[in-house]
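I opened a new protein page today and wanted to get my bearings. Here is what I looked up, in order.

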Amino acid sequence: MEVGFLGLGIMGKAMATNLLRHGFKVTVWNRTLSKCEELVQHGASIGETPATVVKKCKYTIAMLSDPSAALSVVLDKDGVLDHINGKGYIDMSTVDADTSSKISEAIKAKGGYFLEAPVSGSKKPAEDGQLVILAAGDKALYDEALPAFDILGKKSFFLGDVGNGAKMKLVVNMIMGSMMNAFSEGLTLAERSGLDPATLLDVLDLGAISNGMFKLKGPTMLQNSYSPAFPLKHQQKDMRLALALGDENAVSMPIAAAANEAFKKARSMGLGDLDFSAVHETYKAPDRSS
Ligand SMILES: NC(=O)C1=CN([C@@H]2O[C@H](COP(=O)(O)OP(=O)(O)OC[C@H]3O[C@@H](n4cnc5c(N)ncnc54)[C@H](OP(=O)(O)O)[C@@H]3O)[C@@H](O)[C@H]2O)C=CC1
Ligand SMILES: O=CC(=O)O
């Protein structure tokens with residue numbers, strides 16, 4: 001089956017490669033077209049524009065950085081809308097429900113079918129086909145895409161109307177971003193108070209708050225190593241969008257708000273392209289220790 005794939009960043013590259021490895025024919029497009037070359041070595045074809053990819057494929061998946069990228073690939077010149085009549089479009093980017101609804105309406109108005117399907121899980125789960133897929137929208141398109149989702153992920157949820165997938169993803173990432181800040185504070189507190197933070201990791205891992213994120217990120221954070229799996233700028237975008245969802249629903253979110261401030265501070269320190277665990281650096285900065 002010919003599938004389109006738009007966006008070959010950290011996640012898109014791993015996901016498209018997985019589809020190719022499992023026998024899908026994939027036509028790829030990326031804003032920086034040179035990034036398509038590596039996928040060609042795995043058997044992909046290149047589309048010159050999003051429109052040409054959509055024209056060629058029964059359905060097209062997108063994995064783009066943020067709401068403005070997701071909208072621009074659909075609505076701009078040579079975008080998805082040009083050839084969407086009768087075709088499917090699956091946006092797996094993390095965006096807010098409003099953005100997803102705008103994309104859905106534009107696609108449906110042109111006779112296309114839309115599914116949002118953001119994912120939980122980072123670079124390694126994407127490489128290993130272990131993502132958790134949070135889909136919502138057109139159920140027939142979801143059923144059609146299940147063979148691809150089964151390759152990309154370990155579990156797919158169908159959550160109903162467009163917006164529910166986006167909201168679920170933002171809630172999950174809001175919790176994750178808040179946890180990362182509590183973890184960073186704890187590592188700093190352990191170190192400053194004379195404890196061995198490596199021992200703290202062992203203690204945490206044996207107790208009720210043991211979790212995959214502490215286990216994975218803890219050792220590299222202690223080495224001040226922040227090679228990007230989930231870029232910090234995207235985590236801050238997710239906190240911002242989750243806080244807006246809290247505004248809409250009058251939910252007080254003081255912990256998420258504080259975490260967002262720390263991610264903003266990390267961006268202002270030039271850490272936005274590093275892994276989101278680099279927020280740890282903000283807790284080591286002088287103005288927090290004085
Ligand atoms: N990394 C992770 O662990 C996870 C990320 N996500 C979400 O998945 C999405 C992608 O993340 P990730 O792969 O890490 O991000 P990257 O920053 O690695 O990749 C972003 C992609 O978006 C493209 N892009 C950015 N702006 C535009 C634009 N204006 N028009 C067209 N294309 C654009 C980039 O193209 P170019 O190469 O030209 O810059 C690139 O292909 C984000 O929404 C993120 O929040 C979800 C789960 C996990
Ligand atoms: O969005 C990031 C993730 O790890 O999930």
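Predicted model: local features only at pLDDT ≥ 70, side-chain atom pairs only at ≥ 80, totals over all residues.

Before counting, I noted that helices (H or I, at least four residues) and strands (E, at least two) are DSSP runs, numbered from the N terminus. On that basis I get 14 helices and nine strands for the protein.

Residues are numbered from 1 along each chain as its sequence is written, and side-chain values use heavy atoms, leaving out hydrogens and water.

Next I checked the overall size. The C-alpha trace spans about 65 × 45 × 35 Å along its principal axes. I also looked up burial (buried is under 20% relative accessible area, exposed over 50%, partly exposed in between, with a 1.4 Å probe and protein chains only). Buried residues come to 51% of the 290.

Then I picked a helix pair. H1 (residues 10-21) and H7 (residues 139-152) pack at about 110°, with axes 9 Å apart. For the touching residues (contact means heavy atoms within 4.5 Å), I found Met15, Asn18 and Leu19 on H1, and Ala148, Ile151 and Leu152 on H7.

Last, I asked myself: is Gly212 buried or exposed? Gly212 sits in helix H10 (residues 212-222), and at 55% relative accessibility Gly212 counts as exposed. I also followed Gly212 to Leu245, 33 residues along the chain, and their C-alpha atoms are 26 Å apart.

Definitions and conventions
Chains lettered and ligands numbered in written order. Axes fitted to C-alpha atoms, helices over the stretch in contact; angles between N-to-C directions.
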